Amino acid sequence: MPSRPLTIAQIAELAGVSPATVSKVVNGRSEVAPETRALVEDLIREHGYRRQKKRPTAAPLIELVFNELEGAYAMEVIKGVEQVAREHDLAVVVSELQDHPPGRGWIEGVIGRRPCGVIVVFSGLTRAQREQLRTRDIPVVLVDPTGDPGHELPSVGAGNWSGGLSAARHLLELGHRRIALITGPAHALSSRARLDGFRAAMDTAGVPTDPGLVRQGDFSAEDGLAHARSLLALPRPPTAVFAFNDAQAMGVYQAAHEMGLRIPDELSVVGFDDLPMAQWLIPALTTVRQPLTEMAAAAAAMVVALARGETPPQNRLELTTSLVVRGSTAPLVA
């Protein structure tokens, strides 16, 4: 076992391939057989990789990666990254990944483009992919990660627990007790934190959270509509609904309209995110503001600092959420 990382020539010898083939893998070139690429990546992961020449100059761009690129959420994030990118004369490459985690083709493209850094939104990377980027000196920052980001990668998130707490307290103060929840996916860290914060407020008030009023969603308007139809058709329907994002809250509005229920007179609704559309709904949506643009800008600033060889002052940055009260919530009428 060598005491220092291997050169391209040494990796090639161990893999039984040419140095040119190893160089193609290192630089994200596509014309390499999958089995050969996997073997070379395994060797790099096991032994490390030592450059014999000066590190190639990074391209003046930031790679911004979404699991799904749609809706106002993505636009708010893009705005934040663009703000910082413009300040540093950087371009932004936006990718959409329907699979989770990102597939092999994506990582090869990133390595080939050699950006100054990668921002991954509401998704995750495999350990192998993190190693591939690390060995090429491409820094990665996570925004609103779905799982526990740990300490290996810098990340930016929001106060989801306190956001759930403030939503519950607001509805409780208005007299609501039968409060339904339309959550996000079980694997999403943000969804679990919002649920825990909500339950903490309910427990403190001595009001049990009714399991029959909890529905697990997927953060889509269609999902909010389907679950709200089910909840509002119950023999004892909820008097309020806390949707774990604004898109689901829109679905709740549609379900209430279909059933002839007036918001907020007969049903109070709270969302989460405070996307621009929230203030244009009728009535305007009470929601927990998640500072998405600021989160994205903070992540971009981290990437720029890491690309310069600087160490961020903190590995995990959490920005504050705040309740924005509008017209969709009202006191419970007995």
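## Exercises: rings and helices

Phe198, Phe242 and Phe244 form a single aromatic cluster. The model is predicted: local features need pLDDT of at least 70, side-chain atom pairs count only at pLDDT 80 or more, and totals for chains, interfaces and linings use all residues. Residues are numbered from 1 along each chain as its sequence is written, and side-chain values use heavy atoms, with hydrogens and water left out.

**Exercise 1.** Classify the ring pair of Phe242 and Phe244.

*Solution.* A pair of aromatic rings is described by the distance of the centres and the angle of the planes. Now the rule: rings of Phe, Tyr and Trp (its six-membered ring) pair if their centres lie within 6.5 Å; planes under 30 degrees apart count as stacked, over 60 as edge-to-face and the rest as tilted. The centres of Phe242 and Phe244 are 4.8 Å apart and the planes stand at 45°, so this pair is tilted. Both Phe242 and Phe244 are buried (under 20% relative accessible area; exposed is over 50%, partly exposed in between; 1.4 Å probe, protein chains only).

**Exercise 2.** Describe how helix α4 packs on helix α11.

*Solution.* Take the axes of α4 (residues 71–87) and α11 (residues 292–307): they come within 7 Å and cross at roughly 40°. Axes are lines fitted to C-alpha atoms, for helices over the stretch in contact, with angles from 0 to 180 degrees between N-to-C directions. α4 is therefore oblique to α11 (under 35 degrees is roughly parallel, over 145 roughly antiparallel, 65 to 115 roughly perpendicular, the rest oblique). Next, the residues in contact (heavy atoms within 4.5 Å). α4 contributes Tyr73 and Glu76, among others. α11 contributes residues including Leu292, Ala296 and Val304.

**Exercise 3.** Summarise the whole protein.

*Solution.* Secondary structure: 11 helices and 12 strands. Extent: the C-alpha trace spans about 80 × 40 × 35 Å along its principal axes. Burial: 54% of the 334 residues count as buried.

Note on methods: Helices (H or I, at least four residues) and strands (E, at least two) are DSSP runs, numbered from the N terminus.
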